Amino acid sequence: MTAALRRVEAVEEGAFDGPALDAVLDGLTAEFAAGAAAHDRDSSFPFENFRSLHAKGLLGLTVGPAWGGAGADLATTLKVVRAVAKGDPATALVLVMQYLFHASLWASAEQRAIPDALYARLARDAVENGALINALRVEPDLGTPARGGLPATVARRTADGWAISGHKLYSTGIPALTWLLVWARTDEAEPRVGGFLVHRDSPGIQVVETWDHLGLRASGSNDVILTDVPTPLDHAVDLRKPGDLSPRDALFGAWAAVLTAGIYDAVAEAARDWLVAFARQRVPSNLGAALSTLPRFQEAVGTINGLLLSNRALLAAATRGETSAAESGLVKHLVTENAIQAVEAAVRLTGNPGITRHNPLERHYRDVLCGRIHTPQADVVLTGAGRAAFAAALP
């Protein structure tokens, strides 16, 4: 077994998924849930969660076996993400970024677009040291790059590499990142666009603590200002003409849609669990019985369970490859909207207890609403699906 597999004490040689992993994940869910309210209240970063994930070998989950990782498939990766998100979705969001980077790079040397020696360094850093990585893409003027446009961040050629300057927003996980994949354009006569790998300890990096959002408050998604940040020449990843697609884009998009959706499905499941416990324990004096005995509570929980069942079916189909890359956006949209509806149903049913900060349902509601923000967003997904349907109907 690899080092990562040994850390989760897999029962059978080479078997990463199974009872041993389930036991680890149950423990992590409970551990992360215990600290989630405090981190949400203070907007503090959960460093201890990532120490625990590293101790269990889970920061290298999607690193290839050749570099000591587990090489997990999408189904196993989703299971881990959902377990983490049920405890603390902010931690899960940072973890998804880690998993996406490694899953999109290790499988095919031809599509890696990064020198083998450099990727080996990144992969082993993740497995052995718990090094985290995320892409820094969003900018003040551009907004989300998923909607097109050139980055204002510039990578300037120097005598021994690149010097990068720019301003990035929503840099999820920045308090704990070791590697930054900075999306930028070159200063060439015909600019190319791509990612530039920058070590967090490089000079010229300033983190501005701006993150003060409604939900996922522990994700540390602060601004980053880069001023002539140096990085070696071979740390440019997949430089292309603006608009050219990478062969990794389809894989990355499908995994991103499923894993992001899994975060919010897990939030809704946590909300459902709280609601069930609350309704069983709450015995109003004028009723003389638990709220769980009321038909309207039973109907509401049944409705919520139906939404969660739909989510499980959609996510399972996606992990089995039964949905196309184009349909993965619909999976993300539908799962996210079902999750929001489920939590809203719980809030409506519980009244004041549901929106008091003494109870986790209020936090679950704020967190689940963040699902609508992540790429791909609803208008892009639905317009694309409609356009594809009309195109398919042409003679």
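In this predicted model, Thr91 touches Phe32, Pro46, Asn49, Phe50, Leu53 and Val84, leaving aside residues up to four places away in sequence. Thr91 has its place in helix 5, which covers residues 89-106, and with a relative accessible area of 0% this residue is buried, because buried means under 20%. Several of the residues that Thr91 touches, including Phe32, Asn49 and Leu53, also take part in the contact of helix 2 with helix 3, and that pair is described below together with a second pair of helices.

**The chain as a whole**

- The secondary structure of the protein chain comes to twelve helices and eight strands.
- The protein chain has a radius of gyration of 22 Å, which agrees with the value near 21 Å that a compact globule of 395 residues would have.
- Taken along the principal axes, the box that the C-alpha atoms of the protein chain fill is roughly 80 × 55 × 45 Å.
- Of the 395 residues in the protein chain, 51% count as buried.
- Among the contacts in the protein chain with a separation of 6 or more, 71% are accounted for by residues 24 or more positions apart.

**Helix 2 and helix 3**

- Helix 2, which spans residues 19-42, packs with helix 3, which spans residues 47-55, at an angle of about 165°, and their axes lie 10 Å apart.
- That angle makes helix 2 roughly antiparallel to helix 3, because angles over 145 degrees count as such.
- The crossing in which helix 2 passes helix 3 is left-handed.
- On the side of helix 2, the residues Leu28, Glu31, Phe32 and His39 meet Glu48, Asn49, Ser52 and Leu53 in helix 3.
- Sorted by class, the residues of this contact between helix 2 and helix 3 are three nonpolar, three polar and two charged.

**Helix 9 and helix 11**

- Helix 9, made of residues 328-350, and helix 11, made of residues 360-369, pack at an angle of about 150°, with their axes 9 Å apart.
- Helix 9 and helix 11 are therefore roughly antiparallel to each other, and their crossing is left-handed.
- From helix 9, Ala339, Ile340, Val343, Glu344, Ala346, Val347 and Thr350 meet a set of residues in helix 11 that consists of Leu361, His364, Tyr365, Val368 and Leu369.
- The residues of the contact of helix 9 with helix 11 divide by class into nine nonpolar, two polar and one charged.

Technical notes:
Residues numbered from 1 in each chain as written. Predicted model: local features only at pLDDT ≥ 70, side-chain atom pairs only at ≥ 80, totals over all residues. Heavy atoms only, no water. Axes fitted to C-alpha atoms, helices over the stretch in contact; angles between N-to-C directions. Helix = DSSP H or I, 4+ residues; strand = E, 2+ residues; numbered from the N terminus. Parallel < 35°, antiparallel > 145°, perpendicular 65-115°, else oblique. Left-handed = near helix turned anticlockwise from the far one by under 90°. Contact = heavy atoms within 4.5 Å. Nonpolar A, V, L, I, M, F, W, Y, C, P; charged D, E, K, R; others polar. Rg over C-alpha atoms; globule rule 2.2 N^0.38 Å. Buried < 20%, exposed > 50% of the residue type's maximum accessible area, 1.4 Å probe, protein only.
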